[in-house]
Amino acid sequence: MEITDGDGQGWPLLQTNMRSNTSFFKEQGLLGIFAALLLPIAVSLVLPFKKSLKNKQKKRGVITNTGGELGLAMRNIKFDSLIHEPWSGASTIASLFEQSCAKFSKHPYLGTRRLISREVIDSKDGRKFEKLHLGEYEWENYGTVFNRVCDFASGIVQIGHDLNSHVAIFSDTRAEWLITSQGCFRQNLTVVTIYASLGEDALVHSLNETQISTLICDSKQLKKVAAIRQQLQSIKYIIYFKDYEEVGADVKSKLNDLTILPLHEVEQLGKNNPTPPRLPEHDNIAVIMYTSGSTGLPKGVMISHGNMVALVAGVRTVIPKIGPGDVYLGYLPLAHVFGLAGELVILSLGCAIGYGSPLTMTDTSNKIKKGTKGDVSMLRPTLLIAVPAILDRIRDGVSKKINEKGGMLKKLFDLAYNRRLKAIEGDLLVASSLEAFIWDKIVFTHIRALLGGRLRFVLCGGAPLSADTQRFVNICLGVPVGQGYGLTETCAGAAFTDWDDTSVGRVGPPLPCCYIKLVSWEEGGYTISDSPMPRGEIVVGGPSVTMGYFNNKEKTKEAYKVDERGIRWFYTGDIGQFHPDGCLEVIDRKKDIVKLQHGEYVSLGKVESVLATSNYVANIMVYANSFNSYCVALVVPARQELERWAANAGIAYKDFEELCENEKAINEVQQSLLEAAKAGKLDKFEIPAKIKLLPDPWTPESGLVTAALKIKRETIKAKFKNDLQKLCQ
Ligand SMILES: *[C@@H]1O[C@H](CO)[C@@H](O)[C@H](O)[C@H]1NC(C)=O
Ligand SMILES: *[C@@H]1O[C@H](CO)[C@@H](O)[C@H](O)[C@H]1NC(C)=O
């Protein structure tokens, strides 16, 4: 049976999920009166507390002599030399796991919601939707999980898996992912991870390139595996996580030459036949992680045990006090370095991980049965890791609701927000903690309830977070946001903002596990002697820099260099600048800078982020080449906005597709781009001279944006080649 996920899988769903979960929006009358009474009291009686300016001047990074000829290298100020492990003895993921499990053995570790009921609903257009009623979280403590991991580590040897071959995990994020991966690490097996949303070609490519012999997957992926079975020569065993659906006979028959076992049988086999572990060393490869590149087939990044524990050690030093008792919502894909690193940091701190998914996250999520609870309301997490797109959507959802309500409620919200904003930005006169307390009580608690009401820290990475959204999280959710910068090749992290740094738009000093150096790029006009700040290509070096690309010496040589002292450096292709306090700001991307006919450089990403502030833009890609003196743009319009405009303007159209072809509509969008460009102080040559409106949204499923919702320039260019050609004529 085919089940569709509604508007698509993954991140984009949060958009519709974050609506009116709260009584905040119904109580405006009462609140208004309450606030009107309280307000003068709050403002006049409360003595302003002086907020120190210390944080603004605090030095966070220092220049080291590690830069080499062209570079200027920075390290974290808190450590004289790079750190390699979270504590002495935790030099591999396996030892980190074993020691954490011993230390926290009685504390809850992995939580999964029990399925109470499941129904499939037919929608009008013939698609099927799944609705789940999920129960409370059921927890396994650290000690129990450790035993299960040992059983699995014995079991995989017992089924006959050749210990010199690789294992792949192809599954959504869940407790079994963590248990089987840790089991593999205990036998020094390299785990190949594949993003669940990668296409068939990419899947075949990665499983074949690494010659995996055992595949671990959830039962719903078996169908996909059966479809490509003929192209996978090396595969011998499949271990699957049993779900509510039985594996179909047709699927089984396509795989009947393989040994297929449910996970619990492998664990039982191991329990009955304990087998000694084969513990890895720190430079052995733990994971080969296939990432969706913007061009061509995915590349497998080789992550060693040492890389990962160094990263964990680095991140632990920059987050506020967190430990047993804290609860983390695990929903990010574990096949993504950010999700995996996050869970290992959590492991090292002894926190609990409750599993969820983007499709079941809130009470109004697509897959949640009406009237039952989503993951956040059930778990009430204290820690959240998110990509900016998710936080943007929470913000948009809340702002939209408040704007729709308007009136007293909106006035109150705006007032509260602006007061807090001034306070956070260091306006001394309004920085009173009592006032903050009052605003929290009357306005912001209701918004916080959306995310369970217990949040203490939000960690954000994967793409730059906009200043507006960062402030929204600071103020409305009342928690610090740690922003990270890094790539799969740097094992997720490289720079990380200190949680007491409330400035916006920067990604912080280097993590204590690596150096960050800027290298001049003369051709692109970025050099380390630029003023007021040194600028250049961002290069990351240290124990957290990964070992290179699997089976691809050429690409590895292009991007990785080892210097004379043995430090491994990765050339990111991003352009950054160092602030005087040692914090990094990412300002551009090498690939995204195009030289126009008359020699002006256009930074496509910069222009896109300015133009995206237009209400009409859901997605935009700016295009330029050196044969033209102007740029052009492909725009996916924000459908509701454009349709509202069309209704007001009295434009008749058959469907949205036709509206996108309408001259007046194109004109209207272009006008709004012009305004955005003016507000963003773009140069004339940076403003798209012609645009094309595209009716279909860009989603990760369509392959046009990444899971973190970054546009995939090359794919979009290829798909809309003809349109771009026409625009450039
Ligand atoms: C699988 O890999 C082998 C050798 O590594 C190669 O010859 C073959 O073409 C690959 N097959 C596919 C379907 O990619
Ligand atoms: C772990 O496996 C790798 C690759 O198979 C091997 O080179 C290494 O020696 C193994 N490590 C130990 C400690 O056995």
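Leaving aside its neighbours within four places in sequence, which residues is T193 in contact with?

## The model

This is a predicted model, where local features need pLDDT of at least 70, side-chain atom pairs count only at pLDDT 80 or more, and totals for chains, interfaces and linings use all residues. Residues are numbered from 1 along each chain as its sequence is written, chains are lettered from A and ligands numbered from 1 in the order in which they are written, and side-chain values use heavy atoms, with hydrogens and water left out.

## Around T193

T193 is in contact (heavy atoms within 4.5 Å) with I169, W177, V287, I288, M289, Y290 and A335, leaving aside neighbours within four places in sequence. T193 lies in strand β6, residues 191–193. Strands (E, at least two residues) and helices (H or I, at least four) are DSSP runs, numbered from the N terminus.

Strands β3 (residues 108–122) and β4 (residues 128–141) pair in the antiparallel sense over 12 bridges. Pairing takes at least two DSSP bridges between two strands. L115 stands opposite L134 in β4. Five residues lie between the strands of this hairpin, where G126 takes a positive phi near 90°.

## Where α5 meets α10

Helix α5 (residues 142–158) packs against helix α10 (residues 263–272) at an angle of about 90°, with axes 7 Å apart. So α5 is roughly perpendicular to α10, a term for angles of 65 to 115 degrees. Axes are lines fitted to C-alpha atoms over the stretch in contact, and angles run from 0 to 180 degrees between N-to-C directions.

Residues making the contact include R148, D151 and F152 of α5 and L263, V266 and E267 of α10.

Terms used: Parallel < 35°, antiparallel > 145°, perpendicular 65-115°, else oblique.
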